[in-house]
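Please look over the sequence and the model that follow, and keep both in view while you read. The paragraphs after them go through a few parts of the structure in turn.

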Amino acid sequence: MYLTIRTRLTLWYSGVLAASFLGFFWICDRGFQRSIETTVNDASRNNLEAVRRIIDKYSPEGPARLARELRELADLWANGAIFEVIGSDGTMLFASEPFSSPQFPIPQPSREKIGFLTTNLANLQYRIAQQTISLRGENFEINAAVPTEPFDQALDNFRVIEKQFLPLLVLLACLLGYWLAGRAMAPVGRIIRSAAEIGVYSLSRRLEIPRAHDELRRLTETLNEMLDRVERSVNRITQFTADASHDLRTPLSVIRSDAEIALRKPRTAAEYRESLARILHASEGATGLIESLLTLARADGRNSNLKMRVVDVTPILQKVAAQMSLLAASQGLSLAPILSDHPMRLHGDPDAIEKLLLILLDNAVKYTPSPGFIWLRSLRANGDAVFEVQDTGIGIAGQDQQHIFDRFYRADQARTGKIPGSGLGLAIASWIVTSHQGNIEVQSVAGEGSLFRVRIPLVGECHALEDFSDSCAPLNSI
Ligand code: ADP
């Protein structure tokens, strides 16, 4: 069953208050009963004491005198208090009228102490204090009684009031609870309404912060922080989509225009080959871009397809170095691999590590004019595998260094220098490194060269100096 928080709070509030009222009334009732009991006991005991004093005073003067005095005492008492006194030989010295018609036989009083009992005399309930006293060798049984009816009446009246008030108080508690819960939940209603109005096209809107410094304010602030993050992500995705479409349009228009021009009139075989070569090159560019986009999309979707295992990266470094040396040489550059002879085992995906190294070396080749140098180093330091790709290329200006790992970011020099690229390589590199619990950093001076340094934790390897001492020492900046 669906119950709103307001209803639930009201039910709880009313339930707790009703239980408290019940408890309170029960305690009052018990207290009242106790107090009545004490009062009637005291009253009957006092009466018994008064009778005892009369017996004490007048018994030496004979039973007739004693009986007279007892009658006078009885006449003096108001409020229906009564008594009876039975002498040693069982003669009734005095008995108020109701004692002649007890509903049940009254037990004999004890000698030691005053006893109490409640019984009916002449259809009225009485509390009787009773005792047998011995005076000058004579025994007197005393029963002194007070009617309990007035007290019972007071208790009944109190219970009637209880019964009338309890439902009224519970009803009041319900109404008060409902009103209080409504007040407490009002900001939640406002949050729900404002949140419902926020959509993908109004992501810059924020929820109004309640004035009170309470949990709802914290909730609103947290929701606003979440909206900040969602807005940033949506902006990034929108930007990414726009950049990706823009970058895909370029090779596609090259392909299209080249094909159109080639088809416009008959061409020589050489011209067709030239056009097809350009189309092939442009489609290779588009394929590369799509592959990069797919890699990043998978990375975003936590569906990276990385096949992690313990792998020795030294052979991968050697393979990549050999492969890139040829490319570097074709560009008039020298690539010098300075690789650790020791195995460097880490938990990773060999294909991803290879891709990471290819990205860094490809960039080094692209952004280093001939003649130039490129170094590929691998070493172990403080339990990490460290790879460095250093070049003597165009370098990266200070303000660009913090953005080059962003998607589609390309420094001015790269764009204006017409150096081919999509601005996705380093974003992929950075993702690969992060997926391997490592980090990547750049040190660069514009016009002098760049150094990219990657650290990835080794598995079960040295956490101090283990390789040749130079490798484990902190790296000097270039
Ligand atoms: P791109 O496809 O443009 O090379 P990357 O993400 O690999 O994309 O690199 C982003 C930008 O970082 C490049 O456009 C370039 O401006 C800069 N960059 C990367 N590597 C180097 C380097 N070795 N030397 C100078 N600039 C570099």
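**Charges, rings and a ligand**

R6 lies over the face of Y178, 3.8 Å from the ring centre, where a charge sits over a ring if NZ of Lys or CZ of Arg is within 6 Å of the ring centre and within 35 degrees of the ring normal. The model is a predicted one, in which local features need pLDDT of at least 70 and side-chain atom pairs count only at pLDDT 80 or more, while totals for chains, interfaces and linings use all residues. Residues are numbered from 1 along each chain as its sequence is written, and side-chain values use heavy atoms, with hydrogens and water left out.

One of the pairs is tilted and consists of F83 and F94, with 4.8 Å from centre to centre and 45 degrees between the planes. F83 belongs to strand β1 (residues 82-86) and F94 to strand β2 (residues 92-95), 11 residues apart, where helices (H or I, at least four residues) and strands (E, at least two) are DSSP runs, numbered from the N terminus. Both F83 and F94 are buried, and together with W77 they form one aromatic cluster. Buried here means under 20% relative accessible area, exposed means over 50%, and partly exposed is in between (1.4 Å probe, protein chains only).

Another pair, F405 with F452, is edge-to-face, at 6.4 Å centre to centre and 80 degrees between the planes. Because F405 lies in the loop between α8 (398-401) and α9 (412-416) whereas F452 lies in strand β12, this pair ties together parts that are 47 residues apart in sequence. F452 has a relative accessible area of 6% and is therefore buried.

Which residues are closest to the ligand? Of the 21 residues that surround the ligand, the closest are N363, Y367, R410, S422 and L426, and a residue is counted as near if one of its heavy atoms lies within 4 Å. By class, this shell has 11 nonpolar, 7 polar and 3 charged residues; Ala, Val, Leu, Ile, Met, Phe, Trp, Tyr, Cys and Pro count as nonpolar, Asp, Glu, Lys and Arg as charged, and the others, Gly among them, as polar. α7 gives the most to the shell, with 3 residues. A side-chain N or O atom of D391 is 2.9 Å from a nitrogen atom of the ligand, and a backbone N or O atom of S422 lies 2.8 Å from an oxygen atom of the ligand.

Finally, consider some loops and the backbone within them. Most residues other than glycine have a negative phi, and most peptide bonds are trans. The peptide bond from S370 to P371, however, is cis, with omega near -5 degrees, and P371 lies in the loop between α7 and β9 (372-381). A122 is not a glycine, yet A122 has a positive phi of about 45 degrees; its place is in the loop between β3 (115-121) and β4 (124-135). With a relative accessible area of 40%, A122 is partly exposed.

Key
Polar contact = N/O pair within 3.5 Å; in protein donor to acceptor, adjacent residues only side chain to side chain. Phe/Tyr/Trp six-rings, centres within 6.5 Å; stacked < 30°, edge-to-face > 60°.
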